[in-house]
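This report walks through a set of local features, from aromatic pairs to helix packing and backbone geometry. The sequence and structure are shown here for reference.

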Amino acid sequence: MSSFPYLSTAIGLPLAGVVAIAAVPKERARLARPIALITSLVTLGVTIAAAIAFKTGGPRFQLSEDYSWIPAFHIDYSLAVDGVALVLVLMTAVLVPVVILAAWHDTDAPHGVSMEQGAPAGTQRSPRTYFGLLLGLETMMIGVFAANDIFLFYVLFEALLIPGYFLIGSFGGAHRSYAAVKFLLYNLLGGLLMLAAVIGLYVITTRTIGGTFNFQTMSKAVADGSLTMPGSTEKWLFLGFFVAFAVKAPLWPFHTWLPDAASEATPGTAVLLVGVLDKIGTFGMLRFCLELFPNASHYFTPLVLVLAVISTIYGALLAIGQSDIKRLIAYTSISHFGLITLGVFALTPRGQVGATLYMVNHGLSTGALFLLAGFMISRRGSTSVGAYGGVQKVAPLLAGTFLVTGLSSLALPGLSSFVSEFLVLVGTFEKYPAAAIIGTTSIVLAALYILWLYQRTMTGPVAKSVEGFKDLNVRELSVIGPLLALIIALGFVPSLLTNYINPAINQTPAMVRITHQQPAGQSVVQNSVAQANGSGQ
């Protein structure tokens with residue numbers, strides 16, 4: 001039990017910000033912006049303090065909080081994080097204030113007209129609603145990563161669809177209603193399957209270990225053999241969880257909601273959808289699928305690897321063929337999520353450390369790409385790649401930062417994504433060389449779609465519509481600066497995160513079984529990180 005409730009504070013602060021914003025009079029609605037920004041920055045400070053309080057050499061789960069919620073069904077308000085969950089909470093806390101600052105003028109367009117369409121300024125969009133929804137989404141995202149009770153996890157897993165739906169449907173582009181409904185229906189269907197699996201799992205625990213929703217209790221019981229279930233039952237329960245997470249990730253063929261949602265949402269909302277919300281899917285695979293259903297996980301691993309490889313190549317190929325900037329970035333994310341899933345189900349320490357690191361690095365690099373694309377679109381009023389040209393000559397800072405974030409997305413050595421992609425591919429190659437080799441082709445495809453996008457938009461003759469472009473202003477530089485700093489810092493010093501991730505991965509029952517004959521399992525991962533850094537210098 002933590003002496004200070006870091007996790008509850010990090011969850012409660014954005015919720016308090018929502019209440020404060022709701023209390024703002026309509027005639028002073030613009031106060032919602034500074035309230036949201038200050039609240040998110042304080043939340044970031046609390047999560048940093050939590051990371052400092054977390055002992056990397058201590059127990060796997062720390063900062064625990066446990067309070068009875070619904071005793072009749074053994075449901076608790078139970079929070080705890082290991083290194084994996086902690087770095088994802090940190091990523092969330094970093095991205096939200098960045099998004100709020102980037103979205104400062106998103107509500108200046110009339111309702112139903114996106115700023116990227118060049119709409120005149122108006123007051124028909126409510127800043128109170130918009131920034132309140134952003135803070136509400138932050139509360140639920142942090143809560144999902146910190147939840148130690150599976151029922152609590154499920155409630156938050158489903159509840160975050162509400163702010164997501166309204167952020168897309170009320171503040172998006174011309175086809176926002178279609179994109180929002182598609183986002184909601186896909187995720188609700190996955191959530192219903194997960195609900196059935198959660199209920200089934202609880203029924204099984206009542207017959208074996210007295211009934212519980214506590215994840216740590218279940219995980220330990222599975223590891224020591226006290227929680228057992230018939231093979232067919234375990235497979236069905238695994239599928240209930242996995243499909244819900246595959247939709248959320250999203251993994252091919254459950255991916256089709258993402259391009260529509262990301263392209264219709266505001267750039268800030270797209271960052272949270274792709275940078276954070278989708279990570280809940282891959283986090284769930286790593287946390288719940290592998291630990292609660294180890295036999296079923298091994299049984300379905302070949303199928304999952306095939307889906308991951310297809311997702312990796314398919315997403316990259318479709319990204320190459322896109323003429324819409326936001327849809328292009330969305331398809332690149334589908335490719336990246338395929339690699340992350342590959343690392344999770346490689347079932348090796350290297351692969352899973354790389355997958356976790358990839359979740360964070362993808363959130364930073366793709367988040368920065370979406371925000372920079374949003375800055376471009378707000379100036380030009382078009383999402384079409386062909387509407388740009390020669391931007392680097394009139395806005396060199398915008399072009400330069402776009403290039404750096406693009407190179408990070410294609411995993412250039414020295415930038416953050418390289419180490420995580422290296423670990424995923426090496427970890428996969430240890431057990432599934434064919435999947436790793438095919439997955440490696442995505443690196444070439446990534447170079448094609450990123451460099452093609454940069455060439456078409458930033459180089460060549462200056463398009464007439466681009467001649468009046470202004471370079472990044474102070475606010476925009478304040479948005480991109482921290483993300484670029486983290487991208488570069490984690491490229492050279494990935495141990496800032498792997499020091500948290502390594503112990504968590506190597507203390508999971510699955511990894512203990514894999515590495516019990518290799519006591520240096522953690523140092524193996526650290527050596528791989530060092531090799532990756534060396535090859536990138």
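## Aromatic pairs

Two rings of Phe, Tyr or Trp, the last represented by its six-membered ring, are taken to pair if their centres lie within 6.5 Å. The model under discussion is predicted, and a search through the whole of it finds 28 aromatic pairs. One of them joins Phe145 and Phe283, whose ring centres are 5.3 Å apart and whose planes stand at 85 degrees, an edge-to-face arrangement. This pair links distant parts of the chain, with Phe145 in helix H4 (residues 127-146) and Phe283 in helix H12 (residues 279-292), 138 residues apart. Phe145 counts as buried at 0% relative accessibility, and Phe283 likewise counts as buried at 1%.

Another pair is formed by Phe241 and Phe293, whose centres lie 5.4 Å apart and whose planes meet at 50 degrees, so this pair is tilted. Here too distant parts of the chain are linked, since Phe241 belongs to helix H9 (residues 231-248) while Phe293 sits in the loop between H12 and helix H13 (294-320), 52 residues apart. Phe241 is buried, with a relative accessible area of 0%, and Phe293 is buried with a value of 0%. Both residues also take part in one aromatic cluster, which is made up of Phe61, Phe153, Phe157, Phe215, Phe241, Phe245, Phe288 and Phe293.

## Helix H15

Helix H15 comprises 32 residues (residues 349-380), which at 1.5 Å a residue should span 46 Å, and the distance of 46 Å between its end C-alpha atoms agrees with that expectation. Of its 32 residues, 29 are buried, so H15 is largely enclosed by the rest of the structure. Just after the helix, Gly381 takes a positive phi of about 80 degrees.

## Packing around helix H3

Two packed helices are described by the angle between their axes and by the distance between those axes. For helix H3 (residues 83-102) and H15, the axes come within 9 Å and cross at roughly 5 degrees. Because angles under 35 degrees count as roughly parallel, H3 is described as roughly parallel to H15. On the H3 side the contact is made by Val84, Val87, Leu88, Met91, Leu95, Val98 and Ala102, and on the H15 side by Thr356, Met359, Val360, Gly363, Leu371 and Phe375. By class, the residues of this contact comprise eleven nonpolar, two polar and no charged.

H3 also packs with helix H11 (residues 267-277), where the two axes come within 10 Å and cross at roughly 170 degrees. H3 and H11 are therefore roughly antiparallel to each other. In this contact, Met91, Thr92, Leu95, Val96 and Val99 of H3 meet Gly268, Val271, Leu272, Gly275 and Val276 of H11. The residues involved divide into seven nonpolar, three polar and no charged. Met91 and Leu95 of H3 are named in the contact with H15 and again in the contact with H11.

Which residues surround Ser416, once its neighbours within four places in sequence are left aside? Ser416, which lies in helix H18 (residues 416-431), is in contact with Asn361, Ser408, Ile487, Leu490 and Gly491. Ser416 is buried, with a relative accessible area of 0%.

## Backbone geometry

Most residues other than glycine have a negative phi, and most peptide bonds are trans. Against that background, Leu63 has a positive phi of about 55 degrees although it is not a glycine. Leu63 lies in strand E1 (residues 62-70) and is buried, its relative accessible area being 8%. Leu347, again not a glycine, has a positive phi of about 60 degrees. Leu347 is placed in the loop between helix H14 (325-345) and H15, and at 3% relative accessibility Leu347 counts as buried.

The model also contains cis peptide bonds, one of which joins Ala249 and Pro250 with an omega of about -10 degrees. Pro250 is found in the loop between H9 and helix H10 (257-264). Another cis peptide bond joins Trp252 and Pro253, with an omega of about 5 degrees, and Pro253 is likewise found in the loop between H9 and H10.

Conventions: Residues are numbered from 1 along each chain as its sequence is written. This is a predicted model: local features need pLDDT of at least 70, side-chain atom pairs count only at pLDDT 80 or more; totals for chains, interfaces and linings use all residues. Side-chain values use heavy atoms; hydrogens and water are left out. Helices (H or I, at least four residues) and strands (E, at least two) are DSSP runs, numbered from the N terminus. The expected span of a helix is 1.5 Å times one less than its number of residues. Buried means under 20% relative accessible area, exposed over 50%, partly exposed in between (1.4 Å probe, protein chains only). Axes are lines fitted to C-alpha atoms, for helices over the stretch in contact, and angles run from 0 to 180 degrees between N-to-C directions. Angles under 35 degrees count as roughly parallel, over 145 as roughly antiparallel, 65 to 115 as roughly perpendicular and the rest as oblique. Contact means heavy atoms within 4.5 Å. Ala, Val, Leu, Ile, Met, Phe, Trp, Tyr, Cys and Pro count as nonpolar, Asp, Glu, Lys and Arg as charged, and the others, Gly among them, as polar. Rings of Phe, Tyr and Trp (its six-membered ring) pair if their centres lie within 6.5 Å; planes under 30 degrees apart count as stacked, over 60 as edge-to-face and the rest as tilted.
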